[in-house]
Amino acid sequence: MAEYVDAAWLAQRLHATSSKDLGHGLTRLIDGGELTPGSHLPTIRDFARAAGVSPGTVMTAWSRVRDSGRLHTRRRGGTVVVDPNLPAPSPIGRVDWARIEMALVTPDPQLQPDLAPALAAAVSETHDLHNPARAFLSERLRRSVEPGWPFPAQAWNCVGGGSEAVVLATAAAASGGPVGVEEPVSPGYLDILRRLGIEAVGVRADEYGPTVLSVTAALRRGVTALVLQPSGAYAISGGLTVERAAALAAAIGPDTWVIEDDSAGPLASSEPPSLGAHLPDRVLRVRSYCKAYGIDLRTAVLGGSAELVERTVRLRSFGMASNSRVLQNALAHLIDDSNVTDAMTRARGRYRVRRRAALDAFTAAGLHASASADGFVVWVRVPDETSTLINLARQGIVAAAGAKSFVTKTEGMLRFSILQLPEERHRLSELAEALRAAVHSSEREYFD
């Protein structure tokens with residue numbers, strides 16, 4: 001007879017609150033024989049309640065252990081411990097959806113350029129190697145980024161990635177007051193703001209970018225800065241237009257900082273508009289290259305307001321830190337390399353195919369799905385986020401809760417990253433049907 005593991009017992013044995021520690025603890029229990037093959041784990045909801053964590057944390061932990069081959073989630077039979085001597089059962093169809101990253105916006109490494117030539121060139125071209133003087137932006141990198149910057153930057157800085165850059169810029173601009181944040185946004189960013197004690201005020205957007213009405217409302221609430229996403233990487237329907245940028249600049253005036261998070265970087269189909277064309281003294285543009293060129297490049301560029309750049313320099317280890325000149329010059333090499341430019345064109349094309357195929361598949365399944373033209377994610381409306389996520393997890397599918405990307409309360413939505421999706425339409429139809437079934441199960445659970 002199958003053993004059904006008690007949620008309270010398992011929570012006591014694991015005694016952890018992060019998905020990483022829960023996953024490690026569960027792995028130890030399985031490998032140590034305390035959880036035997038065929039054991040049924042408690043439901044995600046029951047264990048989350050017993051452990052005092054969110055269902056999303058449990059789903060991520062279970063998914064990690066499932067990826068190692070120690071667990072299998074059956075459509076209606078729950079999650080069970082796998083017998084290592086038996087072949088692992090196949091997931092939905094021929095796709096192991098648990099191995100396709102859809103909850104985090106992680107790029108497809110096959111569409112990123114080889115860093116070796118750029119790093120080799122950077123080492124040979126960096127004549128001041130080991131020089132203790134700080135290079136907040138190397139001259140080589142400035143020559144590469146300045147011609148394509150959307151407005152004349154008064155000053156420059158370079159830090160270890162887009163997320164660090166946006167957080168530094170936000171902290172520099174906050175000045176103890178609230179910050180207006182264009183929604184939806186990366187959930188990790190909102191978590192960091194909470195830890196820093198910075199109040200976030202939601203700014204709603206439509207297909208043309210943040211609305212003037214929402215920005216004006218945020219200004220009335222006393223925001224000291226606005227954090228916008230001109231490329232619409234996380235947007236529900238569209239990115240910033242030239243006309244909307246001008247209207248926002250007129251509404252904002254000279255007393256509010258503007259941080260523009262260009263997280264798409266070279267993956268954007270065109271240069272997103274900037275409020276810096278109207279308010280050069282108040283705007284700081286952050287351009288990330290991690291999604292396009294790879295996380296190991298660890299380099300993002302900030303350009304714009306001299307005062308705000310200087311604040312970011314002081315905040316980063318009290319002005320003591322600067323990025324490696326080798327990494328900066330390697331980034332410059334990638335920006336200037338025509339072969340890399342061609343590779344980015346191909347990557348944009350592949351991501352466009354995946355985005356369109358996912359939207360078509362979800363729509364054909366009767367679901368309401370949307371995305372921006374350069375978006376990294378597809379949003380799908382659902383009646384109940386938690387129940388739908390749990391029902392998907394039972395099928396080995398991990399998506400992200402939309403609520404974590406919004407400051408203000410919104411309708412139920414799930415977020416699917418399109419960057420690692422398969423391109424075959426029949427496979428995406430399987431994903432859409434699995435989501436449709438999860439939604440319908442959620443509706444029944446919701447109304448029962």
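I count two strands as paired if DSSP finds at least two bridges between them. The strands (E, at least two residues) and helices (H or I, at least four residues) that I name are DSSP runs, numbered from the N terminus. The model is a predicted one: local features need pLDDT of at least 70, side-chain atom pairs count only at pLDDT 80 or more, and totals for chains, interfaces and linings use all residues. Residues are numbered from 1 along each chain as its sequence is written, and side-chain values use heavy atoms, with hydrogens and water left out.

**Entry 1**

I began with strand β8 (residues 225-228) and looked up its partners. Four bridges join β8 to strand β9 (residues 257-262), and the two run parallel. Within this pair, L226 stands opposite V258 of β9. Strand β4 (residues 179-182) also pairs with β8 in the parallel sense, over three bridges. Here I found G180 to have L226 as its bridge partner in β8.

I then followed β9 to strand β10 (residues 283-288), to which five bridges join it in a parallel run. E260 has R285 as its bridge partner in β10.

What is the order of the strands in the open sheet of seven? I read it as β3-β11-β10-β9-β8-β4-β5, with mixed pairing. The edges are held by β3 (155-159) and β5 (200-203); each has a single partner strand, so one side of each is left without a neighbour in the sheet. On average, neighbouring strands of this sheet are turned by 20° against each other, direction ignored.

**Entry 2. The four-stranded sheet**

I turned to a second open sheet, in which four strands follow the order β12-β13-β15-β14 with antiparallel pairing. Its edge strands are β12 (369-370) and β14; each has a single partner strand, so one side of each lacks a neighbour in the sheet. Helix α14 (residues 338-364) packs on this sheet and touches β12, β13 (377-381) and β15, where contact means heavy atoms within 4.5 Å. The direction of α14 makes about 10° with that of β13.

β14 (400-401) is joined to β15 (413-417) by two bridges, and the two run antiparallel. A400 stands opposite R415 in β15.

**Entry 3. Around α15 and β14**

Is α15 (385-393) largely enclosed or open? Eight of its nine residues are buried, so I record α15 as largely enclosed by the rest of the structure. Among the buried residues are E385, T388, I390 and L392. D384 caps the N-terminal end of α15, with a side-chain oxygen 2.7 Å from the backbone nitrogen of S387.

Q395 lies in the loop between α15 and β14, and its relative accessibility of 10% makes it buried. I noted that the side chain of Q395 reaches the backbone oxygen of N391 at 3.4 Å.

A403 sits in the loop between β14 and β15 and is partly exposed, with a relative accessible area of 43%. Leaving aside neighbours within four places in sequence, A403 is in contact with E385 and M413. A403 and P184 are 219 residues apart in sequence, but 8.9 Å apart in space from C-alpha to C-alpha.

A cis peptide bond joins E183 and P184, with omega at about -5°.

**Entry 4. The α5/α13 pair**

I looked up how helix α5 (residues 116-125) meets helix α13 (residues 325-336), and found them packed at an angle of about 120° with axes 8 Å apart. This makes α5 oblique to α13. Residues of α5 including P117, A121 and V123 meet residues of α13 including V326, A330 and L334.

**Entry 5. Positive phi values**

Two residues were noted for backbone geometry. H15, although not a glycine, has a positive phi of about 50°. H15 lies in the loop between α1 (7-14) and α2 (19-31) and is exposed, at 72% relative accessibility.

S175 is also not a glycine, and its phi is positive, near 55°. I located S175 in the loop between α7 (162-174) and β4; at 54% relative accessibility, S175 counts as exposed.

Definitions and conventions:
Buried means under 20% relative accessible area, exposed over 50%, partly exposed in between (1.4 Å probe, protein chains only). A polar contact is a pair of N or O atoms within 3.5 Å; within protein, one must be able to donate a hydrogen and the other to accept it, and residues adjacent in sequence count only if both atoms are side-chain atoms. Axes are lines fitted to C-alpha atoms, for helices over the stretch in contact, and angles run from 0 to 180 degrees between N-to-C directions. Angles under 35 degrees count as roughly parallel, over 145 as roughly antiparallel, 65 to 115 as roughly perpendicular and the rest as oblique.
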